[in-house]
Amino acid sequence: MSIPGGCARTRAATRRGFLAGGAVLLAAAGCSDGGSPGPGATPRPTLASATPVPGVGDGVFGLGVASGDPLPDGVILWTRLVAQPSAGVPLPDRDIPVDWQIATDDRFTEIVAVGTQNAVPGLAHSVHVDVRGLQPARVYFYRFRAGTVRSPVGRTRTAPAAGAAASALSFALASCQDYQNGYWPAYAAIAADDLDLVVHVGDYIYEYDPKSRFPDRRHTAPATPGLGQLRTLDDYRARYAQYKADPQLQAAHAAAAWVVTWDDHETENNYAGLTDESADTGDKHQDPATFARQRAAAYQAYYEHMPIRVSYSPGSPDLRLYRRFAFGDLLTLNVMDTRQYRTPQPGRIPTDIGPATLGASNTTGTMAGAEQEKWLIDGLSASRTRWNVIAQQTMLAQLHAQFTPGSGDVLANLDQSDGYVPYRTRLLAAVRDTRVTNPVVLSGDIHSAWVNDLRVDFDRPDTPIVGTEFVSTSISSGFFLPSEEFVRANNRLLNPHVRYFRGDRRGYTRIRVSPARCTADMRIVETIDRRDAPVSTDATWVVEAGRPGAQAR
């Protein structure tokens, strides 16, 4: 079974109150759940009356709702049905019809589209609805119904029309949310920020065995404990369900559309293509054929739990996730996948920390694969928007260090782009040579916040800046570099392109884009030891249109 576009595709209702699309129930006259139209008014699309479904009761929407991948005329709506553990009754092992509605108001008095899609057990009773026929640059509200149970209400927004004048876009950049490491007040702040979008660049779940200082944050137990890995589809499904049950994550999903991509931990730490982690030995190590089965389980679970518009064949270890979104004439967002197609880290050092020369000489290495590299460069060449954003995973800028700052071998994290220097040079040279306007790179992974000037050759600081990189700190994952002072000392000596760094706080980056500037607020959480911790802005950096490089405000 292949899922074209990853979901059932629909069109919004016409003036006759008719909705074309898969498995749709409509009543052209009258309007359940939304009042009745007045005399002479156009009938609104409505769903048939609710019918109880055995085994579907309160708590079936316990993982919340989400929307994503906004287009000028459409958006993906997502949910997954789950059994209520306290009831002791599993979901029926069959297709379950799930109704959905989308409206222009949160009371659903102005419903514009409805439909029904089956939640199938082979996809964990997840639902992906590709609603089309919506108006551009418009806020909508949506909800689901299974049997007689309604879901929470979500809010989403379509993109501006292609080429249309757009005055602003606001979004959060988020990554790295180790459930066991603490709570997620950052997501409560994101939900309150009134954003158009959330861009998540990976490490949505972590694969490690249960171990936490918080009794209510211990990971679900995998089928094979002791490996620090998830192996089976049930392993991954249980872990996603645990993460998505968090109320603050649910609030952030319900508040805005998300555009997501994965990094490593959604499958396994520091994997590369079909090669597992460099440090894996014994029972942890898998040959490519065995690892492909693990990757298939990981990729299917990712699809089942994300509001993404993709084509996926269940059970496949392949899922094309890189894609592109345009927001009027203001911004193009290129979303990359630097895990699935990458070559192994040079040297295969267990820690992936090694001589920087290994990355510099990695002439056959790639993080994106030839096809994705071409896709990106062609997109940059063709873009006519004012801002051009590349969302990817690990830090793109050079990050060199010495164990004793000022002496000894120069080292690098070879899992980052420092392990793939010729690839990075090709990418940044393309940014320069295509003359794409106002390039900005968004990254995560490193559990700390950075602002970096980007150059084609970082060893020549006298050469022009070709773009700016904003690296978000983690939502909750711990800072893993030796110390802040160690990093700052090395930055002063070896990394002059680093404009800002902070590693001792969790949080996210809030970005607001206008035709004139791109403004990034470095948002930090006071503590992840409690859910209600305050969130504040540590620093604000601005890139002015037509002026490469960020400036502190």
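I take buried to mean under 20% relative accessible area, exposed over 50%, and partly exposed in between, with a 1.4 Å probe and protein chains only. By that scale Arg530 is partly exposed, with a relative accessible area of 36%.

I am working on a predicted model, where local features need pLDDT of at least 70, side-chain atom pairs count only at pLDDT 80 or more, and totals for chains, interfaces and linings use all residues. Residues are numbered from 1 along each chain as its sequence is written, and side-chain values use heavy atoms, with hydrogens and water left out.

**Entry 1: salt bridges**

I counted a salt bridge wherever a side-chain nitrogen of Lys or Arg lies within 4 Å of a carboxyl oxygen of Asp or Glu. Side chains of opposite charge can pair when their charged atoms come close. My search of the whole structure found 30 salt bridges.

I began with Arg530. It forms a salt bridge with Asp532, with the closest N and O atoms 2.8 Å apart. Asp532 counts as exposed, at 61% relative accessibility.

Next I looked up Arg502. Its salt-bridge partner is Asp504, and the closest N and O atoms are 2.6 Å apart. Arg502 is buried at 19% relative accessible area. Asp504 is partly exposed at 34%.

Then I turned to Arg339 and Asp264. Their side chains meet in a salt bridge at 3.9 Å, N to O. Arg339 sits in the loop between strands E14 (331–335) and E15 (353–355), and Asp264 in the loop between strand E12 (257–260) and helix H4 (288–305), so the pair ties together parts that are 75 residues apart in sequence. For helices (H or I, at least four residues) and strands (E, at least two) I use DSSP runs, numbered from the N terminus. Both Arg339 and Asp264 are buried. I also noted a network of salt bridges that links Asp263, Asp264, Arg339, Arg342 and Asp415.

**Entry 2: helix H7**

I checked the length of H7 (residues 421–433). The expected span of a helix is 1.5 Å times one less than its number of residues. For the 13 residues of H7 that gives 18 Å, and the end C-alpha atoms are 18 Å apart, which agrees.

Which residues of H7 are buried? I listed Val421, Pro422, Tyr423, Arg424, Leu427, Leu428, Ala429, Ala430 and Val431. I took contact to mean heavy atoms within 4.5 Å. The buried residues of H7 pack against helices H5 (356–360) and H6 (370–382), and against strands E16 (387–391), E18 (439–443) and E19 (449–454).

Just after H7, Arg435 takes a positive phi of about 55°. Arg435 lies in the loop between H7 and E18. It is exposed, with a relative accessible area of 73%.

**Entry 3: H2 against H4**

I fitted axes as lines to C-alpha atoms, for helices over the stretch in contact, with angles from 0 to 180 degrees between N-to-C directions. Helix H2 (residues 233–244) packs with H4 at an angle of about 35°, and their axes are 8 Å apart. From H2, the contact uses Leu233, Tyr236, Arg237, Tyr240, Ala241 and Lys244. From H4, it uses Gln294, Ala297, Ala298, Gln300, Ala301, Tyr302, Glu304 and His305.

I sorted these contact residues into eight nonpolar, three polar and three charged. Here Ala, Val, Leu, Ile, Met, Phe, Trp, Tyr, Cys and Pro count as nonpolar, Asp, Glu, Lys and Arg as charged, and the others, Gly among them, as polar.

Where is Cys176 found? I placed it in the loop between strand E10 (169–174) and helix H1 (185–192). Cys176 is not a glycine, yet its phi is positive, about 60°. Cys176 is buried, at 0% relative accessible area.

His200 touches Cys176, and I counted Ser175, Tyr187 and Trp258 among its other contacts, leaving out residues up to four places away in sequence. His200 is in strand E11 (residues 197–200). At 1% relative accessibility it is buried. His200 and Ser175 are 25 residues apart in sequence but 5.5 Å apart in space, C-alpha to C-alpha.

**Entry 4: Met395**

I found Met395 in the loop between E16 and strand E17 (411–413). Is Met395 buried or exposed? It counts as buried, at 0% relative accessibility. Leaving aside neighbours within four places in sequence, I found Met395 in contact with residues including Gln416, Ser443, Trp450, Glu469 and Val471. The C-alpha atoms of Met395 and His265 are separated by 16 Å, and the two residues are 130 apart along the chain.
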